[in-house]
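Work through the exercises below with the sequence and the 3D structure in view. Try each task before reading its solution.

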Amino acid sequence: MTDQTSGAVAGVDVGGTFTDLLELDQRSGRVRLAKVPSTLENQAFGVMDALRAADCDLAALDLIVHGTTTTTNAVLERKLAKTGLITTQGFRDVLELGRRTRPRPYGMKGSFTPLIPRDLRLEVPERMDSDGQVVVPLDEAALRAAGERLLAQGCEAVVVHFLHAYANPAHEVRAAEILREIWPNDHITMGHALLSESREFERGVTAAANAAVQPLLDRYIRRLVRELERGGYRGDVLVMNGNGGMVSSSRVALEAAKTVMSGPASGVMAAAYTGRRARQENLITYDMGGTSTDVALIRGAEPTVSNEIEIEYAMPIHVPMVDVRTVGAGGGSIARVDASGLLEVGPESAGADPGPICYGRGGMRPTISDANLILGRLDPSRLNAVEGGVTVEAVKEIFARELGAPLGLDAVGAAEAVIRVANMKMAGAIRMVSISLGADPRDFALFAFGGAGPLHACALARELGIPHVLVPARPGITNAIGCVVADLRHDFVTTINTPLDQLDPDRLHAVFSAQTAEGEALIARERVEIRDIRHIYSVDMQFVGQTHLLRVPLERPDVDLATLRRLFEAAYFNRFRVELSDIRANVVNVNCSVIGARAELDLSALIDPTGRKATLEEAWIETRPVHFDGGWRDVPVYWRDHLPERFVLDGPAIAQQMDTTVLIAPGDVAHGDGDGNILIEIGGAA
Amino acid sequence: MSLDPITLTVIQAGLQQVCDEMDLSFSRAAFSPVIAEANDRSDGIYSAEDGSLIAQGAGGLPVFVGTMQYSTRSLIEMIRDGRAAEPQPDDIYIVNDPYLGGTHLMDVRFARPFYRKGELYCWLSNTGHWPDTGGAVPGGFSASATAVEQEGLRLPPVRLFKQGRLDPEIMAIISSNIRVAEQRIGDVKAQAAALLVGEARLNALLDRYGDDTVSEAIAELRQRAAVQMRAFIAEIPDGSYSSTAWVDSDGVVNEPLAIRLTVTKNGDGLTFDFAGSSPPCAGPMNSVRATTLSSVYLAMRHIFPEVPISAGAFEPLHVTGIEGTFLDAQYPRPVSGCAAEVSQRIAEAVFAALVEPLPDRVTAAPAGTSGNFALGGHDPAQGRDYVMYQISGGGYGGNADHDGLSNGCSTIGISKAPPIEIMEQQFPVLYRRYALHEGSGGAGRHRGGFGLDYEVELRRGAARASFVMDHGRFGPQGALGGRDGAPNRVTVWQSGKPYTPAHLSKEQDIPLKAGDRVRVQTPGGGGYGDPFTRPPEAVLEDVRLERYTPDQARDLFGVAITGEPPHVDEAETAALRARAQAAVSPASGR
């Protein structure tokens with residue numbers, strides 16, 4: 001096995017708008033970057049374009065790690081492979097009925113499209129009870145007939161989802177055997193295979209999503225690998241999973257559902273990696289793009305992972321994924337004055353088309369980006385570069401008319417109000433995410449990325465009482481960096497659902513051992529050099545009578561029951577400030593993550609060291625008026641790539657780079673580091 | 001106005017954040033699944049003078065949208081009259097009396113005085129649905145109670161926490177009167193802790209912006225919420241709009257109860273007049289004043305979700321004519337059905353009256369029942385008694401944009417139904433079916449959503465089944481020419497023989513033995529618009545997916561579907577629809 005990671009590694013992330021690439025050659029220290037438009041019909045074209053744009057020599061590349069939105073888009077837009085479901089008699093509608101919900105607490109409208117339509121959901125006689133005892137044996141002839149009927153209806157993939165298969169999978173296993181005899185391909189998903197937990201809707205949707213994207217991902221990856229090989233590539237392609245770990249292209253389609261949310265996960269992995277090197281191991285990631293803002297929590301350089309993520313209304317994908325929450329506003333969020341005369345920002349968005357007014361694509365409604373432009377925070381001189389562009393005066397005119405007049409403000413006052421309200425709302429949303437995960441935001445640094453994150457980060461941090469903001473070297477391609485630095489990772493969840501006082505500790509230890517062995521075996525099969533293997537152990541517990549779970553991290557797997565009880569009570573008190581020592585506890589899930597850590601990568605070349613200047617003065621571009629707190633200030637603007645390595649910069653100041661603007665507010669102090677990060681100390685909390 | 005609108009917006013968001021954090025804290029720490037998972041709780045900030053609503057958490061259960069301001073108002077009045085103890089800092093009052101601004105007994109309210117510089121500044125209050133408060137049946141939903149004493153322990157406002165310390169004597173009285181008392185201490189602590197979170201966050205907000213500024217903002221925001229609601233009301237053409245909604249029966253006397261509503265738009269206000277509604281009833285389908293008002297408010301918020309929850313938003317809404325009706329029941333009328341069922345019929349009356357003047361915003365009637373089915377018994381295998389609760393959804397009404405949603409949550413709730421697999425783990429039952437209630441969606445240009453059709457079998461031991469549901473006699477109303485959704489149907493199979501409860505959707509303690517089954521087919525939503533104008537392709541799709549039979553397609557929608565694979569017979573369809581057109585007299589809506 002060659003040591004691929006010590007050679008040239010390329011990370012390619014396909015996002016909704018752009019495909020980003022980062023190539024890092026560890027031997028020469030060379031870095032190549034590219035940002036090209038995504039090609040959503042076949043993302044492989046965009047990937048190849050990016051490789052060309054960065055002038056990558058495919059034959060000399062040792063490893064490609066790929067983040068893709070193929071499966072995310074397929075699920076959200078319901079552009080799925082034709083998929084059939086075979087399920088327990090009486091239960092074919094589980095996937096459509098859901099859990100008795102509506103999309104929003106108020107408003108009786110709404111609609112829902114299940115992943116598999118009703119005519120492709122067939123029932124067969126079979127039934128297990130909750131102890132895994134057979135109540136009705138599997139009718140094998142009916143199963144075979146159902147499979148044939150689905151084939152005749154043109155299905156390409158099939159799910160077998162039986163009640164209580166988590167307790168006893170025998171019927172699902174037998175059904176899959178029979179289907180393999182007649183099914184022309186490998187696209188057979190058993191309900192218990194990805195998620196062996198009770199809750200038939202969530203498990204069923206997860207399995208259905210897996211089946212319905214599997215053929216698409218399989219085809220896409222094959223096509224991509226073929227294209228790459230044609231270009232001379234000889235290495236392996238690894239694909240990012242939503243858990244922030246990567247998996248070989250030859251295996252990825254088997255558990256295709258795990259790639260849903262792979263893009264946001266890579267961004268968070270990059271944040272964890274960057275933060276660890278910068279000695280900021282507790283981070284709130286803040287990724288603000290054009291239409292939305294994603295937030296995640298990193299503790300001790302480990303992202304928070306959840307296996308209860310709902311990617312949209314009634315669409316739970318319950319495989320372990322980095323817990324990334326979308327909190328609304330993006331640069332394109334629209335501001336308006338409501339009937340009561342109050343300013344509202346979002347949730348409506350101008351999106352990418354027409355986009356903000358300043359894009360010059362016909363947008364006529366004020367957005368957050370436009371407000372940043374009026375306040376001088378975004379570079380007004382860039383407007384002229386856009387064909388058919390608009391002037392700042394034109395943007396101001398709209399602000400004065402749409403917002404200023406009803407609020408009694410001029411255009412600048414209106415723009416300032418938009419930013420103030422947007423920041424307040426985003427700060428509130430970030431606070432709710434962090435509290436719901438049991439964390440006080442003041443104990444974290446804010447890791448700002450995405451096109452707009454570094455513009456707002458200082459204000460948010462001040463609002464939240466967060467002492468530091470960390471802006472990575474390349475905020476616009478953070479996801480691609482996440483691909484390059486990602487580890488191999490396999491997560492296991494085993495449901496035991498046993499009261500603590502009835503739990504046999506040997507059983508607990510046996511579960512951990514089996515999980516560990518399986519994870520290590522999977523990692524050994526990959527052609528990737530591993531520096532060391534780490535394990536993360538935890539149990540999900542609750543007090544008897546409760547329904548929600550609390551994750552209790554364990555230092556080691558051979559924990560005794562008294563310690564488990566103590567750790568649980570401590571974790572519970574820590575989270576809820578409630579002490580309930582008289583009530584029995586339940587151990588619900590036993591979790592283990594096995595991580596094959598790759599060799600440490602040197603990120604210092606992300607900003608080309610040879611491009612750096614010796615002094616701040618040499619990195620200076622211009623000084624322009626920027627509006628803060630009711631007044632204009634002359635603010636120096638620097639080209640970020642030219643900043644000296646360990647600079648110190650007092651706010652107000654702006655560091656501008658190709659795709660991002662870093663705004664350092666008055667009173668804040670920015671420091672550069674060896675990896676090209678900017679660490680901003682926030683002066684005076686709110 | 002001295003405060004600028006931006007400061008107002010920021011303080012509004014800040015007050016909202018205080019309440020949302022209380023909601024989050026309460027749910028996360030609560031013990032009972034009803035609160036922790038079903039979010040059957042609400043938290044808010046109320047004025048010191050009269051308890052009026054300043055802000056309330058966005059994730060609270062909709063039925064509580066207006067109740068806590070009345071409960072806080074009652075408390076303030078009782079303190080003034082000397083009927084309740086004077087508050088001290090760090091006290092927390094507990095109260096669940098329905099007639100003092102409440103709902104049913106299970107909704108237990110906590111209220112904590114909030115002080116600034118030694119002066120009472122406002123009240124922080126929350127409500128949580130406790131799984132049991134004593135009474136004749138576990139869980140409190142007795143279908144045949146005739147007095148509130150049979151429904152559980154009734155607490156006047158007393159200080160459960162005195163200067164921060166839980167009063168063990170009051171707690172002992174409560175614990176001795178409720179079931180599974182040992183778990184309730186977890187809910188009590190969570191409910192109190194949420195108010196403490198609110199206090200800390202509200203202090204931070206006041207410290208930052210100043211007490212006077214915040215007070216001024218609160219007054220101004222109230223006025224502006226009223227302005228905003230009035231602006232929405234202006235969309236309604238002047239006039240009166242009437243509707244009637246029916247409750248099947250009260251569970252004791254088998255007669256329908258009428259909610260008669262006339263909504264009149266006068267200037268920029270709306271009057272909801274319920275005069276002529278049925279008198280107070282013998283069984284538990286009475287509503288109390290606070291719940292009736294709250295039901296009107298929550299219906300309006302479903303119609304105008306943009307308006308913030310604030311006393312100002314309610315100002316333009318006037319409710320009259322409830323005195324002497326079952327919508328304003330007095331002690332000792334039983335009330336357990338008020339929050340779960342009657343509230344939804346009131347909302348239905350509001351929707352049915354306003355769908356004509358607001359056809360783009362209002363939907364046809366949703367299923368509108370919480371579908372409470374309780375099974376209490378003894379499990380010989382585990383040697384223990386149990387009570388199982390199954391709630392269920394139903395179809396939503398068709399509307400201007402879409403067909404109705406299937407198996408949606410109750411109008412007044414936001415809680416999820418438990419998974420079948422969890423139910424079977426915990427109770428000695430086996431579900432035989434959990435399916436769409438085929439054919440139940442009311443026909444319309446946009447049809448209603450479909451209800452749920454489930455059947456559950458008792459595996460061992462003996463048990464008793466109780467139902468508190470509604471819409472068994474009348475289906476949810478169609479709108480603008482749409483047909484009604486299918487009614488709720490309960491069938492109990494005892495020794496292989498079917499039994500239908502006399503009250504259709506309500507009965508208590510039906511005996512079951514192993515092998516007996518309960519089948520519930522919940523209502524579909526009302527249809528919206530003339531079903532004979534529904535595109536034939538949409539009807540074909542519903543037939544292809546076996547949601548309706550070809551006969552139903554013909555009878556309900558005037559679409560002829562034949563052949564294999566099924567297709568629309570265009571000529572026959574045109575003929576059917578032309579014939580219907582000719583037969584319709586101008587007066588016949590449905």
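Predicted model: local features only at pLDDT ≥ 70, side-chain atom pairs only at ≥ 80, totals over all residues.

Residues are numbered from 1 along each chain as its sequence is written, while chains are lettered from A and ligands numbered from 1 in the order in which they are written.

**Exercise 1. Compare the span of helix α6 of chain B with the expected span, and find its buried residues.**

Step 1. Helices (H or I, at least four residues) and strands (E, at least two) are DSSP runs, numbered from the N terminus. The expected span of a helix is 1.5 Å times one less than its number of residues.

Step 2. α6(B) has 23 residues, and 33 Å is expected at 1.5 Å a residue. From its first C-alpha to its last, α6(B) reaches 33 Å, close to that value.

Step 3. A residue is buried if 20 or more other C-beta atoms lie within 10 Å of its own, exposed if 12 or fewer, and partly exposed in between, with C-beta atoms placed from the backbone. Among the buried residues of α6(B) are Val214(B), Leu221(B), Arg222(B) and Phe232(B).

Step 4. Two residues are in contact if their C-beta atoms, placed from the backbone, lie within 7 Å. The buried residues of α6(B) pack against α1, β2 (53-56), α5 and α8 (311-314) of chain B.

**Exercise 2. Do the same check for helix α13 (residues 570-583) of chain B, and state how many of its residues are buried.**

Step 1. The 14 residues of α13(B) should span 20 Å at 1.5 Å a residue, and the end C-alpha atoms are 20 Å apart, which agrees.

Step 2. The number buried is one of the 14 residues, so α13(B) lies largely in the open.

**Exercise 3. Describe how helices α3 and α7 of chain B pack.**

Step 1. Axes are lines fitted to C-alpha atoms, for helices over the stretch in contact, and angles run from 0 to 180 degrees between N-to-C directions. α3(B) (residues 67-81) and α7(B) (residues 289-303) pack at an angle of about 150°, and their axes are 8 Å apart.

Step 2. On the α3(B) side, Thr67(B), Tyr70(B) and Ser71(B) meet Ala290(B), Thr291(B) and Ser294(B) of α7(B).

Step 3. Ala, Val, Leu, Ile, Met, Phe, Trp, Tyr, Cys and Pro count as nonpolar, Asp, Glu, Lys and Arg as charged, and the others, Gly among them, as polar. The residues of the contact of α3(B) with α7(B) comprise two nonpolar, four polar and no charged.

**Exercise 4. Is Ala270(A) buried or exposed, and what does it touch?**

Step 1. Ala270(A) is in helix α9 (residues 262-277) of chain A.

Step 2. Ala270(A) counts as buried because it has 30 C-beta neighbours inside 10 Å.

Step 3. Not counting residues up to four places away in sequence, Ala270(A) touches Thr478(A), Asn479(A), Ile481(A), Gly482(A) and Val485(A).

Step 4. Ala480(A) is 210 residues apart from Ala270(A) along the chain, and their C-alpha atoms are separated by 8.3 Å.

**Exercise 5. Describe the side of chain B that touches chain A.**

Step 1. 68 residues of chain B are in contact with 60 residues of chain A.

Step 2. α1(B) gives the most to this side of chain B, with 13 residues.

Step 3. By class, this side of chain B has 32 nonpolar, 19 polar and 17 charged residues.
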